[in-house]
Amino acid sequence: MRRPATAASPAPATVRALEATLPAAASIGNPLDYTALLWDEPDRLREVMRALAADPRIERLLVLYDEPDALDGAAAATWAAVLDAVVRGA
């Protein structure tokens, strides 16, 4: 009989890296909520993705990215920076 899959918790080294990078309001665990407080900090967001992607306990990294339709100007640039940070980090 197959046992149901369990959600992996980040390794202790990953938790320490996340604690150093994430705002206090973030929820470290599985699922991780990095919060919108990192929205204007793509370098920090990229570090979050790198820490998670490098963790041997984490087999898959899924990021919910729900960009609204028909963005332009500064709003489009902001969303693009967030997506770029996620992609580069992972």
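**Figure 1. Salt bridges across the predicted model.** A search of the whole structure finds 5 salt bridges, and the model in which they are found is a predicted one. Among them are the pairs Glu41 with Arg44, Glu47 with Arg50 and Arg88 with Asp84, which are taken up in the views that follow. Side chains of opposite charge can pair when their charged atoms come close. Over the protein chain there are 9 positive and 13 negative side chains, and the centres of these two sets are 13 Å apart.

**Figure 2. Close-up of the pair formed by Glu41 and Arg44.** The side chains of Glu41 and Arg44 form a salt bridge in which the closest N and O atoms are 3.0 Å apart. Glu41 counts as partly exposed, at 31% relative accessibility, and Arg44 is likewise partly exposed, with a relative accessible area of 28%.

**Figure 3. Close-up of the pair formed by Glu47 and Arg50 in helix α2.** Glu47 and Arg50 form a salt bridge, with 3.0 Å between the closest N and O atoms. Both residues belong to helix α2 (residues 42-54), and because they are 3 residues apart in this helix, about one helical turn separates them. Glu47 is partly exposed, its relative accessible area being 36%, and Arg50 also counts as partly exposed, at 40% relative accessibility.

**Figure 4. Close-up of the pair formed by Arg88 and Asp84 in helix α3.** In this salt bridge between Arg88 and Asp84, the closest N and O atoms are 2.9 Å apart. The two residues are 4 residues apart in helix α3 (residues 73-89), so that they are separated by about one helical turn.

**Figure 5. The largest nonpolar core and the surroundings of Leu22.** The largest nonpolar core has 14 residues, and those with the most contacts inside it are Leu18, Leu22, Tyr34, Leu45, Val48 and Met49. Helices α2 and α3 each supply at least two residues of this core, and α2 gives the most to it, with 5 residues.

Figure 6. Thr14 is found in helix α1 (residues 12-21), where it is buried, with a relative accessible area of 7%. Which residues is Thr14 in contact with, leaving aside its neighbours within four places in sequence? The contacts of Thr14 are Ala51, Leu52 and Asp55; of these, Ala51 and Leu52 fall within the range of helix α2 (residues 42-54).

**Figure 7. Two positions in the loop between α1 and α2.** Gly29 is found in the loop between α1 and α2, and Thr35 has its place in the loop between α1 and α2 as well. Gly29 is partly exposed, with a relative accessible area of 22%, whereas Thr35 is buried, with a relative accessible area of 15%. The C-alpha atoms of Gly29 and Val15 are separated by 8.2 Å, although the two residues are 14 residues apart along the chain. Thr35, with its neighbours within four places in sequence left aside, is in contact with Pro23, Ala25 and Ala26.

**Figure 8. The whole chain, for orientation.** The protein chain has 3 helices and 0 strands, and reading along the sequence gives the pattern α-α-α. Along its principal axes the C-alpha trace spans about 55 × 30 × 20 Å. Of the 90 residues of the chain, 27% count as buried, and the accessible surface comes to about 6400 Å², of which 53% belongs to carbon and sulfur atoms. Among contacts between residues at least 6 apart in sequence, 47% join residues at least 24 apart.

Key. Residues are numbered from 1 along each chain as its sequence is written. This is a predicted model: local features need pLDDT of at least 70, side-chain atom pairs count only at pLDDT 80 or more; totals for chains, interfaces and linings use all residues. Side-chain values use heavy atoms; hydrogens and water are left out. Buried means under 20% relative accessible area, exposed over 50%, partly exposed in between (1.4 Å probe, protein chains only). Contact means heavy atoms within 4.5 Å. Accessible areas come from the Shrake-Rupley method with a 1.4 Å probe; for residues, only the protein chains shown count as cover. Lys and Arg count as positive and Asp and Glu as negative; His and the chain ends are not counted. The place of a charge is taken as NZ of Lys, CZ of Arg, CG of Asp or CD of Glu. A salt bridge is a side-chain nitrogen of Lys or Arg within 4 Å of a carboxyl oxygen of Asp or Glu. A nonpolar core is a set of buried Ala, Val, Leu, Ile, Met, Phe, Trp, Tyr and Cys residues joined through side-chain atoms within 4.5 Å.
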